[in-house]
Amino acid sequence: MKSIYLDHSATTPLHTDVLEAMMPYLTNQFGNGSSIHSYGREARNAIDTAREQVADLIGAKSPSEVVFTSGGTESDNHAVKGLAELQRDRNGNNHIITSSIEHHAVLHTCQHLEKHGFEVTYLPVNRYGRIRLDDLREAIRDTTVLISIMHANNETGTIEPIEAICEIAQAHRIPVHTDAVQSVGKLPLDVQKLGVNLLSLSGHKIYGPKGIGALYIRRGTRLENLIQGGSHERNRRAGTENVAGIVGLGMAAALAKKNRDAYVEHLNRLTGKLRDGLCEKLDHIYENGDPVHCLPGILNISFEFVEGESLILRLDMEGICVSTGSACTSGSMEPSHVLAALGLPPRLAQGTARFSLGKDTTEAEIDEVLEKIPKIVEQMRGLSSAYKKMMKREM
Ligand SMILES: *Cc1c(COP(=O)(O)O)cnc(C)c1O
């Protein structure tokens, strides 16, 4: 039996066109982009094309504003550490503003910087997971060097008001970084319109390969390098380029741009079907995330009287792959920091599953999921004493 994969926010399969584009660079076109002979030039041209494809996807003014990295995590580290450290060395300013719902790639980077003399404000969020602009205005200090707020959250799909954040930041001349790993390919992404200085994206969340990503650095935004070495990427990211990965990311970016409207329509239709079906068949379930400002394709549901980890394992046995609050916290029983920030009581946070759909998800798969989940949830609730007590009260 083929498994039903509903965990596309954790990673996506490689698009066949991406694999095809990469193949020559994994085989006979193996040149080093820094070599000046024909092999090197071939690699260099391929990298240049990919850089244009990524720049085109995000509306960068020039491909030179795109730096290839090893993924979303490195892009986030590069942006936050690189900017913060340069500013501190220049003028002693050491305050960073971020949010309490960031991906660990930003959150743990900020916590690391706190150990090294930085002060960090972690903005709270409302119950839908959005920051409040008044909180941001109040948090800004004379010493603030960076605001880093994600474009869309990987657990709930909640979209943050990046344009408004940038307007506020610009009035204080504070640069803004956004982690757009989840929104790329789903939301219209235009760095000019958003107004950000720095933007992170990753290959494997958009049907590209793992281990490759990019950081958009607006021209004129200065930051310290993360990795020291040769003069690759115009002296901004040392190390022989991952040519095949870069070519794959470029193709994934081109496809993401071309297919976006159809992709979003497909995701909205099937996510709506899943939501409606679950709500119709089950009581005591709650959707987390913003009802309006929400990414297509993500459905985060708390099943009351159910333990999420057990639910995920039961679903896996039935061939359905979803994730608990966040893939990164699976394996540990800690309720996710995102759900905690939404104010979800631990009891509900523990019973949460994230469904994230993809381009190959079918209507028949959603039908099968809607067939199986209510049965499993009801079975599990049948074993819960809290559930039985509540049912008695209701009768
Ligand atoms: C997956 C993800 C990352 C990390 O990207 P990698 O390429 O896996 O390092 C960062 N931020 C968000 C929001 C993500 O979903």
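Biologist: Which helix supplies the largest share of the shell around the ligand?
Modeller: This is a predicted model: local features need pLDDT of at least 70, side-chain atom pairs count only at pLDDT 80 or more, and totals for chains, interfaces and linings use all residues. Residues are numbered from 1 along each chain as its sequence is written, and side-chain values use heavy atoms, leaving out hydrogens and water. Helices (H or I, at least four residues) and strands (E, at least two) are DSSP runs numbered from the N terminus. The largest share, 3 residues, comes from residues 72-91, helix α3.

Biologist: And what percentage of the ligand's area does the protein bury?
Modeller: Start with the side chains: an N or O atom of Thr73 sits 2.6 Å from a ligand oxygen, and Gln182 has one at 2.7 Å. Ser202 also puts one 2.7 Å from a ligand oxygen. Taken alone, the ligand exposes 380 Å² (Shrake-Rupley, 1.4 Å probe), and the share buried by the protein is 88%.

Biologist: Over to strand β10, how many of its residues are buried?
Modeller: Buried means under 20% relative accessible area (1.4 Å probe, protein chains only). On one side Ile298, Asn300 and Ser302 are buried, and on the other so are Leu299, Ile301 and Phe303. The strand (residues 298-303) is largely enclosed by the rest of the structure because the buried count is 6 of the 6.

How values were computed:
Buried < 20%, exposed > 50% of the residue type's maximum accessible area, 1.4 Å probe, protein only. Polar contact = N/O pair within 3.5 Å; in protein donor to acceptor, adjacent residues only side chain to side chain.
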